[in-house]
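Here are my notes on the model, point by point. Please read them with the structure open.

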Amino acid sequence: MANELLETQTMTRLELTTSPHLHNNWSTSRAMWLVSAALLPCTAAALIIFGWEQIGILLASIVSAAATEAVIQKLRRLPVTLDDGSAVLTGWLLALTLPPGFSLVSTAIGAIVAVGIGKHVFGGLGYNIFNPALVGRAFLQAAFPVAMTTWKSPNFVDTITSATPLGGLKFDATASALGPMFLGNTGGSLGETSALALLIGGVFLIAVGIVNWRIPVAMGSGVLIFGTAVWLMDTQVYPSPVYHLLGGGFLLGALFMATDWVSSPVTGRGMWIFGLGIALVVVVIRVFGGLPEGMMYAILIMNAFVPMIDRYTRPKVFGAAA
Amino acid sequence: MRTKTFSGGIHPPEFKELTEHLPLEVMPPTKQVAVPLSQSLGKPAKALVKKGSEVRTGTLLAEPDGFISAPIHSPVTGKVVSIAREVSCNGYLQDVVVIQPAADQETDFFPPLDPRAATTAQLLERVQAAGIVGQGGAAFPTFVKLSPPKEKNVDSLVINACECEPYLTRDYRLMLERAADLLEGARIIMRILGVQKCLIGVEDNKPDAIHKLREIAGTGGIEIVPLKTKYPQGGEKMLIKALLDREVPPGKLPLDVGTIVQNVGTAIAVHDAVVTGEPAITAVLTVSGKGIRNPRNLVVPIGTAVRDVIEFCGGIHDNAVRIVVGGPMMGASQHTTKTPVVKATSGILVLTEEEINKAAETACLKCGRCVSLCALNLLPGRLARLSRLGRFEEAERLSITACMECGTCAYECPAHIPLVQWIRLGKQAVLRMQRARN
């Protein structure tokens, strides 16, 4: 090839940019779709345990979340970014926190609040302080408190309604067996009951590098520490720490909600503080509060501290004086 | 024992399989070379030749201008056609001596020195006269680095044999093919510095190079240390941390923690200048990437145009989109292929879309990857945002100037935010601000 040819050939199409000239195969949408994939086991568990008709809640939530995203982006004259998967994920996560048999209209309202107020009021993707799905759920909890705490029995239990393991303990002083709690055959929100299914998804997310292990590990060890402390005060009254670990929305929260990138700290030490903080708040609410479950509030409360946590846990610059 | 390394960093695909098996080949002079007068940090050299001058291979073309400056020698025998202006691979216009090679090539080297009989002053003088510059990237004149101020207590020499940039295999080939010269070069530098200890850090993806060096290293105080393969281990600060567990503070130099780092290519250049009298007139480089027809490891006369090297390697494929001089993580993309190869050129890469993996930028998701991977413990996402907003004072407080621009953050960012690019911009602004203050 002649020099001149090479020159004319390259001059017209050479890209001029600054380094680095490589990028790994990650992207925002890939991360979102991988998280969605990790929700498949607990979603399947929800449908098996509470019945296939519960898919209506999932669809109502996901479609409403996606529609809200598109409408708001249109109104804000922004590119519509449904393909990044984040709105679908928010809708999906919200649905998993709702009680089986929950009204589809209320579900849609929750999804609209999640994406509209939880996410876009703060500036859209990447700017929200609070976990959007939990903002939606908190709204529903305030608006429809009875419906939000009416628990359909799992398919494999012979009653119409049943208490959740935490509710049973709080209001009736009856503890559930740990075996069904691990598999998911108890009352509760759609996606929270099966510890097994949640762990499968969570371990997958840690393995592919989306979830930083520090947050779930900090939360788990925190609940064991604080739960044990309370339990030792009176083992007859208070539940064992393992009960805290398997009960309510703890695993769903620890693996899929608290680990939301946007609303969790970026520093390693910050993640520990954040996780331990959630564990402390959730144990306090469950043991001393009026509600049987406090996962949602624990995460939302600690979300508010994230900017401060990040600020005070800045790593020491390499080589700088301590 | 765990393999030594630093904390943070990444392991991008190596792409070294394209060239690692290919022995170094000497590329003959092309019909014209354009030798830049500025091939190192510091002031450009002052030309001693003019149009019509006859030069031989090794003839001094330009003398240093001040302390931090390096002389330039002719890479070929021939006639100076002109002193012209040409764009450097970093995009600056600079003076070049254009030489047309003659049919017969003759050498005009220094008289060889006996590395053991010569005084350290003679050895140091030779390093300076031969125009040797650092091969690791910054192209700092080597003799300056080898003349530390007396109050600095230097106790060791570190040879950087990491070659942590993907694609590049020239240091690897040098280690396999010129192991004895590398060790001799290291011994010469040890003599100049008066140190008894030399650590050669080699990443463990080059086990045969480690083996080869260990086989002949002997007991002269030179130790070959395998390091866990990780980018940016070839950064001086990371390498010193990995080998000596010392941290160079921000704004300080390796000699502030008692050591000096030299690259494999630099040590071999020192050997050549002393033992054979050959000045720095070639660049050893890897030509690679999926866009080049025949990837190669080459010894190229300085001043050879990038396009001549590409042509020597069979030209480019139709899907080539980017030509980079240097490594893919820190090298400079070229808008023209007329740019000349210089002493510190380590590679020419012709890249395709597939390797570059571009994607649309989205908002920062605060995933924290950049923070946990930054080898210098900076907050890349925050610094990039502050740079973008023009909030340079805040960026300065968050140590933006400590960034070595290794590109790890931008490589990893799932939102495809050009993090290091913004940081580079902010860093320049902060440095300007600091200069204005003083």
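1. Start at I159(B). I159(B) stands opposite I200(B) in strand 10 of chain B. The model is predicted: local features need pLDDT of at least 70, side-chain atom pairs count only at pLDDT 80 or more, and totals for chains, interfaces and linings use all residues. Residues are numbered from 1 along each chain as its sequence is written, and chains are lettered from A and ligands numbered from 1 in the order in which they are written.

2. Strand 9 of chain B runs parallel to strand 10 (residues 197-203), with six bridges between them. Five bridges join strand 9 to strand 12 (residues 259-263) of chain B, also parallel. There, S156(B) stands opposite T259(B). Strands (E, at least two residues) are DSSP runs, numbered from the N terminus; two strands pair if DSSP finds at least two bridges between them.

3. Six of the six residues of strand 9 (residues 156-161) of chain B are buried, so the strand is largely enclosed by the rest of the structure. Buried means 20 or more other C-beta atoms within 10 Å of the residue's own, with C-beta atoms placed from the backbone. S156(B), V158(B) and N160(B) point one way; L157(B), I159(B) and A161(B) point the other.

4. The largest nonpolar core has 140 residues, and V309(B) and L419(B) have the most contacts inside it. Such a core is a set of buried Ala, Val, Leu, Ile, Met, Phe, Trp, Tyr and Cys residues joined through C-beta atoms within 7 Å. A second, separate core of 80 residues includes L39(A) and Y238(A).

Notes
Buried ≥ 20, exposed ≤ 12 C-beta atoms within 10 Å, placed from the backbone. Helix = DSSP H or I, 4+ residues; strand = E, 2+ residues; numbered from the N terminus.
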